[in-house]
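Here is a short briefing on one protein chain. Keep the sequence and the 3D view open while you read.

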Amino acid sequence: MKQQRIADLLQDGSEVTASARAALLNGGVGVVWEGITASESLARIYRRRLGLTQRTGQETLGLERAVELLDSHPSPIRLGQVTSPDGQWVYMLFLSADAQSLIACTGVRQSR
């Protein structure tokens, strides 16, 4: 998927999507992978990650909301990712199975 198409999906008005979009448009790298995953499985994984980041103090954006949205989404999810130009942030994109709409987005600051 082209970088501009990924950027177009990141326009829901939230802080995390605005940050991911800015990262992409300022030279970051975006990718959308083939294949789909059950939303329940992703909700379980990211609920654990939420607990871990809260315990360790790792900075995140939109993770709690992403877990809520994945919990309530009945359909399979396609995954994507945006990495900021400096590599300090990685944003996970949870897309509809056809990659035509954004379901949720979360960002995690990478520890160095």
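Where is the place of Arg 78? Arg 78 sits in strand 3, which covers residues 77-83. Keep in mind that this is a predicted model. The chain has four helices and five strands, and 43% of its 112 residues count as buried.

**Overall build**

- Starting at the N terminus, the order of elements is α-α-β-α-β-α-β-β-β.
- The radius of gyration is 13 Å. A compact globule of 112 residues would have a value near 13 Å, so the chain agrees with that expectation.
- Along the principal axes, the C-alpha atoms fill a box of roughly 35 × 30 × 25 Å.
- Take the contacts between residues at least 6 apart in sequence: 60% of them join residues at least 24 apart.

**Surface and charge**

- The accessible surface of the chain is about 6100 Å². Carbon and sulfur atoms account for 50% of that surface.
- There are 12 positive and 11 negative side chains. The centres of these two sets lie 5 Å apart.

- Arg 78 has a relative accessibility of 16%. The cut-off for buried is under 20%, so Arg 78 counts as buried.
- The side chain of Arg 78 reaches the backbone oxygen of Ala 97 at 3.0 Å.
- Leaving out residues up to four places away in sequence, Arg 78 touches a run that includes Val 32, Trp 33, Glu 34, Gly 35 and Ile 36.
- Under that rule, Arg 78 also touches Leu 93, Phe 94, Leu 95, Ser 96, Ala 97 and Ala 99.

**Ala 99, in a loop**

- Ala 99 lies in the loop between strand 4 (89-96) and strand 5 (102-109).
- Is Ala 99 buried or exposed? Ala 99 is at 3% relative accessibility, so it counts as buried.
- Phi of Ala 99 is near 60°, a positive value in a residue other than glycine. Most residues other than glycine have a negative phi.
- Setting aside neighbours within four places in sequence, Ala 99 is in contact with Met 1, Arg 5, Leu 9, Val 32 and Arg 78.

**Ser 39, in helix 3**

- Helix 3 spans residues 39-56, and Ser 39 belongs to it.
- Ser 39 is buried, with a relative accessible area of 1%.
- Which backbone oxygen lies 2.4 Å from a polar atom of the Ser 39 side chain? The backbone oxygen is that of His 73.
- His 73 is also among the residues that Ser 39 touches, when those up to four places away in sequence are not counted.

- Tyr 46 lies in helix 3. Tyr 46 counts as buried, at 7% relative accessibility.
- What does Tyr 46 touch, not counting residues up to four places away in sequence? The partners are Leu 63, Val 67, Met 92, Phe 94 and Thr 106.
- Phe 94 is one of the residues touched by Arg 78 and is touched by Tyr 46 as well.
- Tyr 46 and Glu 64 are 18 residues apart in sequence, and their C-alpha atoms are 8.7 Å apart in space.
- Tyr 46 and Ala 99 are 53 residues apart in sequence, with 20 Å from C-alpha to C-alpha.

How values were computed. Residues are numbered from 1 along each chain as its sequence is written. This is a predicted model: local features need pLDDT of at least 70, side-chain atom pairs count only at pLDDT 80 or more; totals for chains, interfaces and linings use all residues. Side-chain values use heavy atoms; hydrogens and water are left out. Helices (H or I, at least four residues) and strands (E, at least two) are DSSP runs, numbered from the N terminus. The radius of gyration is taken over C-alpha atoms; the globule rule is 2.2 Å times the number of residues to the power 0.38. Buried means under 20% relative accessible area, exposed over 50%, partly exposed in between (1.4 Å probe, protein chains only). Contact means heavy atoms within 4.5 Å. Accessible areas come from the Shrake-Rupley method with a 1.4 Å probe; for residues, only the protein chains shown count as cover. Lys and Arg count as positive and Asp and Glu as negative; His and the chain ends are not counted. The place of a charge is taken as NZ of Lys, CZ of Arg, CG of Asp or CD of Glu. A polar contact is a pair of N or O atoms within 3.5 Å; within protein, one must be able to donate a hydrogen and the other to accept it, and residues adjacent in sequence count only if both atoms are side-chain atoms.
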